[in-house]
Amino acid sequence: METKESPDDRFVRAALEEAERCLDWGDVPVGAVMVRGQEIVAAAGNQRERLQDPTAHAEILAMREAAHRIGTWRLDGCTLYVTLEPCAMCAGAMVLARVERLVYGAADPKAGFAGSLGNLVRDERLNHRVEVVSGIGADQAALLLRRFFADRRRSDG
């Protein structure tokens, strides 16, 4: 019997493909795709090294592209799929952009703000809360990150 892939699985797979592309320019392999309905409206991988921009996280780049394509900064009805739990900057941007839903793969116990270090996206004191689903594609995302950092340690000597 064939198992049908869920939309969340399919979109996380697309985010993983974006993460793998980051290896081409030496950036930490984190990928994100923004989905509205069942359509990918934006996709990005980390580009901090490539652009020499501390804000060029995959999530921020995907939100910028989505806002441009949709024609509004309000990303109501959108789901952000990302391979790694978002940091405080990205979590805050999701709240400000009114992203409806966040689906992420690997938890980030050192910098994650969607449940690990804090839970900015669910903070009841803020004017918007993001629905969160975690752990989808976590093993693949974590493996990609472990390999990247192991390779970096080897090359640093």
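Reader: How far apart are Glu65 and Arg69 in helix H3, in terms of helical turns?
Author: About one helical turn, because the two residues are 4 apart in H3. This is a predicted model, and in it the side chains of Glu65 and Arg69 meet in a salt bridge, at 3.1 Å from N to O.

Reader: Are those two buried or exposed?
Author: Glu65 is partly exposed, with a relative accessible area of 25%. Arg69 is exposed, at 55%.

Reader: What about Arg154 and Asp151, what do their side chains do?
Author: They meet in a salt bridge, with 2.3 Å from N to O. Arg154 and Asp151 sit 3 residues apart in helix H5 (residues 138-156), so about one helical turn separates them. Arg154 is exposed, with a relative accessible area of 60%, and Asp151 is partly exposed, at 43%.

Reader: How many salt bridges in the count?
Author: The count comes to 7.

Reader: Which residue does Arg101 pair with?
Author: Asp8, with the closest N and O atoms 2.7 Å apart.

Reader: Which residues make up the network with them?
Author: Asp8, Arg101 and Glu131 are linked in a network of salt bridges.

Reader: Back to H3. At what angle does it pack on H4?
Author: H3 and helix H4 (residues 88-97) pack at about 25°, with their axes 9 Å apart. Angles under 35 degrees count as roughly parallel, and the two helices are therefore roughly parallel to each other. The crossing of H3 past H4 is left-handed.

Reader: Which residues meet there?
Author: From H3, Glu59, Ile60 and Met63; from H4, Met89, Cys90, Ala93, Met94 and Ala97. By class, the contact has 7 nonpolar residues, no polar ones and 1 charged.

Reader: Where is Ala66?
Author: Ala66 is in H3, which spans residues 58-70.

Reader: Why does Ala66 count as buried?
Author: Because its relative accessibility is 0%, and buried means under 20% relative accessible area.

Reader: What is Ala66 in contact with, leaving aside neighbours within four places in sequence?
Author: Ala66 is in contact with Met34, Val41, Ala42, Gly71 and Leu75.

Reader: And the C-alpha separation from Arg36, what is that?
Author: The C-alpha atoms of Ala66 and Arg36 are 9.1 Å apart, and the residues are 30 apart along the chain.

Conventions
Residues are numbered from 1 along each chain as its sequence is written. This is a predicted model: local features need pLDDT of at least 70, side-chain atom pairs count only at pLDDT 80 or more; totals for chains, interfaces and linings use all residues. Side-chain values use heavy atoms; hydrogens and water are left out. Buried means under 20% relative accessible area, exposed over 50%, partly exposed in between (1.4 Å probe, protein chains only). Contact means heavy atoms within 4.5 Å. Axes are lines fitted to C-alpha atoms, for helices over the stretch in contact, and angles run from 0 to 180 degrees between N-to-C directions. Angles under 35 degrees count as roughly parallel, over 145 as roughly antiparallel, 65 to 115 as roughly perpendicular and the rest as oblique. A crossing is left-handed if the near helix is turned anticlockwise from the far one by less than a right angle, and right-handed if clockwise. Ala, Val, Leu, Ile, Met, Phe, Trp, Tyr, Cys and Pro count as nonpolar, Asp, Glu, Lys and Arg as charged, and the others, Gly among them, as polar. A salt bridge is a side-chain nitrogen of Lys or Arg within 4 Å of a carboxyl oxygen of Asp or Glu.
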